[in-house]
Structures are given as C-alpha cells and as structure tokens.
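Open the model in your viewer and keep the selection panel at hand. The tour below goes from one selection to the next.

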Amino acid sequence: MKSINDNDIRSFVDAVSSFFFHITREKVEIRAAYLVEGEIQASTFDLTSYITLSGDFSGRVYFSAPRVMVAHLLLAMHEPDRGDERLLDAVGEIANTISGNARKHFGESMQISVPVAQVTGAGWLNTAVSPHSYVILVKWKQYRASVVVDIQRTA
Amino acid sequence: MNKNNEQSIFARYRKIILAVILFMVADSLVIGINFYNTYKADESAISINLSGRQRMLSQRMAKVLLLLQRGLDANVETSIVRSQKDVDLPIDLYNAPANVIHNLQELDETAKLFSTTLKGFRDGDTVTGGDGHPAFLPKVETETSRQIVADADTIWGPYSELLQPLLGEKRNFSVAQLEEAVTYAQENNLKILRLMNDLTTDLEVVANKRASTLRIVLVIGIIVAFINFSYTVVISIRDLMSGDKKLAESRNENAEILATVHEGLFLLSKDKKLGTQFSESLPRMLHMDIVPGMDFMPILQNMVSPEVYESAVDYIELLLGERVKESLVTSLNPLTNVPVNMLDKFGAVQNRYLSFFFNRALVKGVISHVLVTVQDVTDKVLLMQQIEQAKSKTKIEVESLLRLAGSDFPSLQQFIDNTGRSLSQINEKLSQPQEDERARLHTLNYIMRLIHGIKGEAAILGIDVLENYAHESEQELVAMRESGHGLNGEQMLRVAVLLEGFYERYSSLSAIVSRLSEALGTKRTPPAEGAEDTEQTESARDASQTQTLTPGQPVQAQHPFAGQIAALAQRIAADHGKQVEISCQLEGFASLPPHVIQELQSISIQLVRNALTHGIETPGERAERNKPVPGALGIWCKYLGNDNYDFSVRDDGRGIVPERLRNHLVKSGRMSMAEASALSDTEIAKLIFQPGVSSAAVPDKDAGHGVGLDAVMEKVKAIHGRMQVRSRPDTFTEFHVQFSAAG
C-alpha cells in the first residue's frame, strides 16, 4: 500500500490557495507542515469544513480557520452577511474547492462526499484514519488556518 | 491455395455461370435461326421479284411479237417485203425500219431472260436480277411451284422453239414463222401469265410461312431469353442476398466480438494507421477518441516514455518487415507492462500499465496488417508490485530481525528511544512556524543534524532500512539547503512527508524490536559459545556495573561500541575500495553517563566516516605515496584524571589541506577567491565545522554533504566538550574531544 506523497497533499493546499487567490488576489502561504498522531485537533480554529474520501483512498481532508479570518474573507467578497451560517457556508465552499481539486488530481479512483462545515470549539477532536495526519499551517494576511490531510490509500 | 480459391468461386457462382452460358447458347441459336431465315427471306424476295418479272416478260414477249407482226404488215409495200412475195421466204431485215429491229432485239432479251429465269426456278441458278446484277435464284421448293414451273416449261418449250428463228444476231425468219409464233403466243400467253401468277403467289405463301416461322422463333427466343434473364436475376439476387446475409451475420458477429471483448483490438496497416474496425474497449483503454485511419505512432508517443517509444518504433518496423520471423522478435516487444500516462475525464493524469501484443496478419503469405491487442494490466502490475513490495518488506524485516537478533539489545533499545526522540524533535520543530529565512535555515540544519544522527546510529547497528532512508532524506535536504533560502512552504511539506517515511520505518522497526524483546525476555540470552565479542560485551557490562571509578583508575574493559565502530569502519572502507587497520581502545567508555556515550558514539561514527571517505587514500594512492597499503585508523578514549577524558579519532590519510578547502569554498560559491585568500590556513580549516562545508569531491552515503562536522560540533557542545583538530597534509588528521564526565 503506497502512502500519499507531497504532490497529493499539495493538491489540497493548492485548492485553498487558489480559492483565496481567486477572491482576494492574495495566495495563502505554507508556514509549517508537521504530523499529528491519532487524533486531529482541528479545533485549533473556530470553523472547520471537511470532505470524506473513499474508493482507492479513505479518510478526510479538513480546512479549519478562525472566525475572524473567514469574516475577513467575506468582507473581501463584499458579503454583507457575516453571521455564523454564512461563515460556515464560506468554509464549506473552501472544502468544495478542495474536493474539486482532489477529483482533478486523483481522478476517477477517488470518491468524495459532500462537504461538511461545523463550528469547532476548543477540545473538538476527531479520530484519525491514518497513523499520522499531515497538518499544514497556512497564512493569509495576518491569519493562520490549517489544512489537515488524514487520508491513506486503501488500494 | 489459388486453385482452391478458384474452385470455391466457381462453386459459389455455379448457378449464375450456368445461367449465363445457357443465355449465350439460346441467344446464339436464335441469332443463327434469325440469320438463316433472313437469308431465306432474301432468297424469297428474289424469287418473288423474279417471278413477277416472268409475268411481265411473258406479256412483253407477246406484245413484241404482235408489234413485229404489225410492223411487218405496215411495211408490206416496202422493200423488205416487196421483194419477198412468198410468206415462207425469210424476211430481209437489212432494210427493216428501226422499230422492227428494236422490237426484235427486245424480243431477244426478253425471251432469253424469261428462259434463264424459268430455268433458275427449275434448277436454281445465277440469273440477272431485277437490278440488272447477277443474283442467285434458288430452285422452287414446294410441289406446287415445281408443278407450275413444269407446266410453264411445257408451254415454254414449243414457244421457245417457235421463237428461235427470230432470235440472235443471225436471226432469219419468214412471215409465216412469225405468224406461227404470234399465234402460239396468243394461244398460250394467258396460260403462262396465269402460271407465273400462280408461281408468284406460291412463292409469296412460302415467304410468308418463313416470315411467320421467323417471328415464332424470335418470340420463342425472346421468351427463352427473358426466362433465362429472369432466372439469372433471381439466382443472382438470391445469391447476393444470401451473401449479404452471411456478410451481415459475419459483420454482426465481428461487431459483437468487438463490443464484448475486454482487450483493445485493432489492425495496424503497413503505414502504421489504425484500421476501420476496432474493439469498443479500445477508446476507453487509451482514454481517447479513436478515428479509423488515425496514425498509431503519435498516439503511442504521447503515452509512453521516449525510450520505450523508440524501441517500439524499431519493433513495429521489424514486425512489418518480411525479413524477420515473428516468433524470433516477439520477446523483443518493449510494450508489455508499460507504464502510460493518460488523462481521465476530470483531466487528471492517470498512471496506468498497458500491454500491447502484435501479431502479423498474412494474406497469401504476405503481411497485410499487424493485429494489435491492448490489455490494461494495471491491476496485475500493481498486484505484482505489491507482492514484490511485500516480499521486499518481509525480506527486510526478516533480515533486520536476524541482524537485530544478533545485536546488542540495549543498544537497539537505545536506538529506538533515540530515534523516536529525534523524530519527535523534528516534528516539533516543523510545527513551529518559521517567519524569516534565517530561522528556516536554522530549522533545516537542525533537522539535518538529527537525521544525520539517526543515519549514524542506524549504520552502527546495521539497520540498513533506516540508514538508507536517512541518507536519501539527507540528500534531499542538502539540495534544499543548496537553494540557500532554508525551508520554503513546499519544502516544509516535503520534509513532513519525509518525516512520515521515517515514522513508517521506525514503526516497523519498533514492532520488530518489541517482538524481539518478547522473544528474548527482559534479560539477554546467554552468549553463544565462541562469540568473543559478545563475551567482551558482557564482561564490559559487568565491569561497568561492578567497578567503582576513581580518578586514575579508568575502566579497562571494552565497550560493545568498540566492536560496532570497528565493523562499521571495515564496511565503509570496503564500500570505498580501501583497506584499513583499526585500533580501538575505549578506556573508561563504559562507565560514562549514557547521554555522553551516545554523543561520543555519534561523534565517532561521523569522524570515522570522514576519515575513511576524505582521509585514508585508496591502496593505489597510498602505494604512490610510499605509505602502507592499509590505512591506520585509531579510536581512543583516554582517561585524563579528575573525570576528564580525551576522545580522539586519528587517521594517517591525506590530512586537511587548506588550499583544497579554499578552492572548494570558492567553487561552491560560499566565498570569493579574495575572501578565501584573506583567511589563514587555520581559519580555513575551522570552516569545516560549518554546515554545508565539505571537501569531498563526490558526496556519498558516508560523507560529503557538509552535515557531519556540523553535527559533531553540536554534540561536542551537548557534552560541554572542546574540540581540537590536528592535521598535516598527506600525513594525518586527528580530532580530539576533551570533556568531563561530571558534565
């Protein structure tokens, strides 16, 4: 069983980067990339969206960001409504972009669920599928967000 | 084969061929009969025409005779009859008027024509035709005509006799003879006329019968021809329909096969174009739309590597050529289990494996096409790869297990602990966002040192799987550092992936060590007989455990590390084609605090690597320099008193050559020639402890990445030691680490 490689992971990060660039003409930058074992603490930030992968792959890809960052994003989108629902919609859209890029990168062999977005308070944990999940900390303007890649090949 | 083919064609079209032959025979027959009847009709026309002329001639003869008689009467007073008082005397025609002569001549011609024509009717002969030209007059055929001609002959015989004196150039007749002829003519003229009329009528009847026969023959011929044509058409249509049906069935079967078969099938023409028919799976397999007549080679070129493509071009040329036997070149097929790049419907690059098989298609023994069969063997190849990986993994695990089973178990446990700690430290460092370039470079060097440490420890324990992976990772990190900017975002991602690779291997190793631990129990099994090193190990341990160190009384027993470092040194020397004699004396080593031992081990591993890579020359070089072929490598730990120790590694190799280092620094772009020249030899030599500085011409697994001495210095600092270097070009290099066991 072959592990996913950095190109695979980058496809998810690139999706986030493209999303921000498309809206704000500013790319996100990778500030750190490391591993977490066992449980995913995407709760570092307030809002989290994820897609679930199956087929030749299994696991989830998360995007988590602080509320203020998503609100700033909505501001850049000239979106007057910056309530929780709209904020979750925005992180959901980012997960959707990740999904599209993943489909393009991995091809037909990857099956992807509809994105799920939720408020993730402190202490929110989710059990990881893979032994080690990748956490990629990204920076947009002065904010930090994370892309967590918890997938492994099943075929 | 040709004969069989012809027989097969005749059998298939037998009925049509026979129908055509029958048509031709019937047609020829009708044409023959028609021709014959036409000929006969011509003859009938002549006969009827001449029969009619006989009527006219008989009347003209009678008229001429009467005119002659009247002409003579009119000239009774003339000289021609005046001198001829007697009617029996020949008439003097010398002075006869022109009309008499004309009438005589006309009688002459008419009688002659009548006579020959009548004879022609009787016997068949060439006579003067109606147009004055000779024409063949067939003898009459019917009994009636023959009787008429016979009757006419009967009348004409005496008539002709009576006319004889009046005919010819020397005609000589008397009035009496003329009158006799006139009288006969008058008596028989109507009879002859009637007979000739009857003859004409009878001839017309014959001609009509013949015309009727011709019509019947023509009608029959047309009917036969029509029937034959209809039969031919029916047979042809039936055969064509049958052929079409078979063709359609065959085509349907082909289509069914091509729609069902999983393989991609198509014919390749001699100009390497795809045929008109191909299996439905082919476009799916090649991930592209296929159009008949497409060039195959560009399709292939886009899918496979340039090397494979070139080989494939040669192979297909060989197959299409007549010179080489197919069976001889099959094994050369470069397109089996070949990796191909294709875009799927989402535009993503798909790595698949395809096999292309080629078979010549022969027509009459000549290559017409090449049948190409394409199989998607991705699953098979991946399965084979997985099996290979599993085999390899199992082999590595078994080898590791065997090697580890023979290793010093506490060292192994120590290695597991150390490695786990190093990996955690790397991950911890990675998780800290690096804001500036200097911090990122610092992080990179930090990670490199930790990985270098893992590599060294893995090498000393012979854990190839981690040593090799650490080396590969180190190479990548060196390349990142060469970029000069430290870790950027993408590189951080890459390092995280490398770290995951470490964790994977580390987990497997941990599991093996755990299993070993369970198998061996908490205590080491007794050493095997004759296992000298192990005995030494045990005795050293015992010594370290039982002896109490006092200043001036170092531990004399050897630490197991002595054997391990010697073995590593011999392996590295062998890898570099060098020979080395190792002297290792680790006085008091076993009684040092564990963290000091660990650091000293790492230091010595790196220094030994460096000594064997950069220092000790090849046997050839050493011989040229009049040195003993085996290099000398010393590793010593000396107790200096008051808890102070001197740990040193010495080799009798090339030494540190400042000029060489200077050149290397300039070449690698780390400093300008002016800067390098401005530094003293000592200052230059000190630079070897900086990250990224190496004097190795070609980096390899053991040294040359500029990581080692940087890491060594870190470790010297970790034990609060002091590093000294002594060296003489082409003579020796000696590293001394002086430290206190008290910390």
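Start in chain B and select B:N445, B:R449, B:H452 and B:G453 in α12(B); these meet B:G708, B:D710, B:A711 and B:E714 in α22(B). Contact here means C-beta atoms, placed from the backbone, within 7 Å. Helices (H or I, at least four residues) and strands (E, at least two) are DSSP runs, numbered from the N terminus.

This is a predicted model: local features need pLDDT of at least 70, side-chain atom pairs count only at pLDDT 80 or more, and totals for chains, interfaces and linings use all residues. Residues are numbered from 1 along each chain as its sequence is written, while chains are lettered from A and ligands numbered from 1 in the order in which they are written.

Now show the whole of α12(B), residues 437–461, and α22(B), residues 708–718: their axes come within 9 Å and cross at roughly 90°. Axes are lines fitted to C-alpha atoms, for helices over the stretch in contact, with angles from 0 to 180 degrees between N-to-C directions. The two helices are therefore roughly perpendicular (65 to 115 degrees).

Next, go to chain A and select A:M69, A:V70 and A:L73, the buried residues of α2(A), residues 67–76. Buried means that 20 or more other C-beta atoms lie within 10 Å of the residue's own, C-beta atoms being placed from the backbone. Look down the axis of α2(A): the buried residues fall within an arc of 95°, so they line one face of the helix. The arc is that of the directions from the helix axis to the C-beta atoms.

Finish at A:H78, which follows α2(A) and has a positive phi, near 60°.

Note on methods
Parallel < 35°, antiparallel > 145°, perpendicular 65-115°, else oblique. Contact = placed C-beta atoms within 7 Å. Buried ≥ 20, exposed ≤ 12 C-beta atoms within 10 Å, placed from the backbone.
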